[in-house]
Amino acid sequence: MRSVEGALLDFRQLERLAERDSPLHHVDARAKILATLVFIICVISLGRYQLAALFPFFIFPVVLIAGGGLPVRYLVSKILLVIPFVLVVGIFNPLLDREIVAIAGPVQISGGWISFFSIVLRSLLTVASALILVSLTGFPALCRGLAQLGLPKVFVAQLLFLYRYLFVLAEEAARLKLARDQRCFGGKGTGLASFGTMIGHLLLRSWERAERVYRSMLSRGFAGEFHCPSGSSFGVGDTLFLLGWGLLLLAIRLYDPARLLGLLLTGGVQ
Amino acid sequence: MHMADALVSPVVGGTMWAVSAVLIARCSSRIKNSGNDRLVPLMGVLGAFIFAAQMINFTIPLTGSSGHLGGGLLLAVLLGPSAAFLTIASVLVVQALFFADGGLLALGCNIFNLGFFPAFVAYPLLYKPLAGSSPTRGRLTAAAVIAAVVGLQLGAFGVVFETTLSGVSSLSFSSFLLLMQPIHLAIGVVEGLVTAAVLLFVHRARPELLDGAVSPQLSRSLKPVMVTFLLAALLTGALLSWFASEQPDGLEWSIAKVSGSKELRGPEAGLHSGFAAVQEKIALLPDYAFRKQNEGQMVQAGTQLGTSLSGIVGGTATLLLALCAGFLASRKKSALKGSDAFR
């Protein structure tokens with residue numbers, strides 16, 4: 001994991017994006033969650049050699065980024081951070097799958113390379129859609145949407161709690177780490193012994209904090225359940241958003257416009 | 001060892017989603033019925049603690065490289081299986097959404113691999129009996145290392161199994177297994193040592209926390225959970241694969257490829273023939289000729305080649321169109337903003 005401060009800053013920035021104001025930000029969280037799921041399933045369900053069929057799906061992230069006024073460069077940099085993990089597994093495809101499936105002039109393209117690039121494109125698309133979902137909705141609203149979609153209340157409460165204390169504890173961890181690193185010289189003192197004690201302290205502090213939180217919740221009348229405001233209703237705009245994207249994505253998945261357009265431009269070479 | 005969306009097929013992802021959803025529902029109702037309100041803030045704060053703890057690195061003994069805590073086993077020891085499972089799942093949800101670790105479709109796989117094995121296998125079946133009720137230093141360390149290693153081995157096996165079943169990666173089951181298991185043996189040992197170090201500290205400072213009285217225990221009710229989850233897995237697997245057989249996924253695709261049957265064509269004729277006349281007239285690359293070395297053998301490759309060339313051209317064109325759409329949308333938006341400014 002990257003530096004604590006960097007990760008926290010990232011986290012905050014993504015949250016701040018959710019506070020922006022655009023028509024897309026106001027779409028009901030449920031509509032956005034379901035549309036994103038349809039998108040991911042459509043993208044993932046393509047065969048591993050259907051590289052070109054992936055391109056039309058860029059319409060979804062591109063339109064949402066533009067419509068929501070999200071910063072492209074920031075999102076791209078976040079997406080690129082994740083790509084290496086996928087590359088590690090994907091890079092074996094060109095090595096193992098050497099059957100030539102296409103020849104473009106002097107270059108012979110093996111199935112492995114096609115499936116490799118398809119993996120890269122898939123991860124670009126799916127990672128982008130998840131990040132866009134968060135930055136257009138915000139985590140608390142997302143949790144409420146999930147609760148309305150039937151996620152157990154206990155788990156929703158867990159997610160909201162985790163989110164609320166994340167920053168507090170992460171800042172505490174950052175201070176601990178800074179204090180230790182300042183006392184360490186050339187990597188000495190960063191071993192297991194001091195780490196165990198340090199994390200143990202952090203754990204005890206967190207535990208005690210939880211007990212204080214629980215007492216203050218009790219004193220405010222907590223009786224085992226959270227009450228989420230369920231005022232927001234699924235409006236016409238939300239329905240249109242979900243239906244529109246759902247139908248468009250399914251059409252792209254079923255009719256492969258890239259292929260149709262390609263056939264149109266190349267004269268239908270088969 | 002988070003799995004990524006890009007390497008998961010919808011059938012595998014969907015099945016594991018269903019499995020994890022059943023587990024989350026079971027654990028949630030178990031926590032709710034336990035009537036232990038204290039768990040609610042405790043789980044939340046400890047979830048945040050795992051996040052925070054993962055941000056602090058340490059030097060791995062003997063190697064000099066640095067690692068960080070996983071935390072699954074630690075949570076299981078502190079909270080008990082059900083609460084630990086929910087906490088791990090919540091951490092993975094946040095990681096998937098904010099740090100794009102893993103992905104939304106792969107979330108089910110990740111929750112199962114990283115949550116189920118430490119919480120429902122490694123802790124109750126290994127750590128608890130091995131450590132006993134009042135463990136010594138050595139015994140606790142040994143129990144933690146063994147439980148962590150087994151938990152991570154099972155998790156890594158899950159990753160390999162799910163990835164191979166998805167068929168997106170070309171790695172064969174055995175070679176991927178050989179790649180993953182040894183790495184996770186090392187990771188497991190380190191994870192066990194770290195967990196033991198933290199537990200020993202807690203044991204010295206506040207031993208009552210380790211009595212395990214916090215969470216409802218699993219004991220004999222393990223069977224119904226397992227049966228439910230197995231049934232759910234079978235049912236969703238069967239249903240999903242029935243649905244999915246309309247559209248070939250990775251695995252079916254590779255099978256089709258091996259058996260030589262073709263599946264690359266999109267939907268047949270109807271639309272295409274309608275386009276045919278137009279195509280002839282406006283085609284940019286008419287009669288583009290392809291090299292065919294071995295007529296008999298290369299026929300299939302030839303058609304694939306045709307499809308992939310037109311695919312690449314079409315793909316690039318649609319990508320450009322998509323970008324244009326985005327450009328126009330943002331232009332329109334800034335124009336709107338501009339008019340706002342004038343008002």
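Helices (H or I, at least four residues) and strands (E, at least two) are taken here as DSSP runs, numbered from the N terminus. By that count, chain B has 11 helices and 2 strands, and its elements follow one another from the N terminus as α-α-β-β-α-α-α-α-α-α-α-α-α. The model is a predicted one, in which local features need pLDDT of at least 70 and side-chain atom pairs count only at pLDDT 80 or more, while totals for chains, interfaces and linings use all residues. Residues are numbered from 1 along each chain as its sequence is written, and chains are lettered from A in the order in which they are written.

A residue is called buried if 20 or more other C-beta atoms, placed from the backbone, lie within 10 Å of its own, exposed if 12 or fewer do, and partly exposed in between. Of the 343 residues of chain B, 48% are buried in this sense. Two residues are in contact if their C-beta atoms, placed from the backbone, lie within 7 Å, and among the contacts of chain B with a separation of 6 or more, 76% join residues 24 or more positions apart.

One place to look inside chain B is Ile88(B), which belongs to helix α4 (residues 81–98). Ile88(B) counts as buried because 25 other C-beta atoms lie within 10 Å. Beyond its neighbours within four places in sequence, Ile88(B) is in contact with Gly72(B), Leu75(B), Leu114(B), Gly115(B) and Ala119(B). Gly47(B) stands 41 residues from Ile88(B) in sequence, yet the C-alpha atoms of the two are 7.0 Å apart.

Helix α5 of chain B covers residues 107–131, and 20 of its 25 residues are buried. The expected span of a helix is 1.5 Å times one less than its number of residues; a straight helix of 25 residues would thus span 36 Å, whereas α5(B) spans only 32 Å between its end C-alpha atoms. A kink of about 55° lies at Tyr123(B), shortly before the proline Pro124(B), the bend being the angle between axes fitted to the seven residues ending at a residue and the seven starting there. After α5(B) comes Gly132(B), with a positive phi near 70°.

In chain A, the domain assignment, which is automatic or from a database, gives domain 1 (1–151 + 235–270) and domain 2 (152–228). Their centres, taken over C-alpha atoms, are 33 Å apart, and 10 residues of domain 1 are in contact with 13 residues of domain 2. On the side of domain 1 that touches domain 2, the largest share, 6 residues, comes from α8(A).
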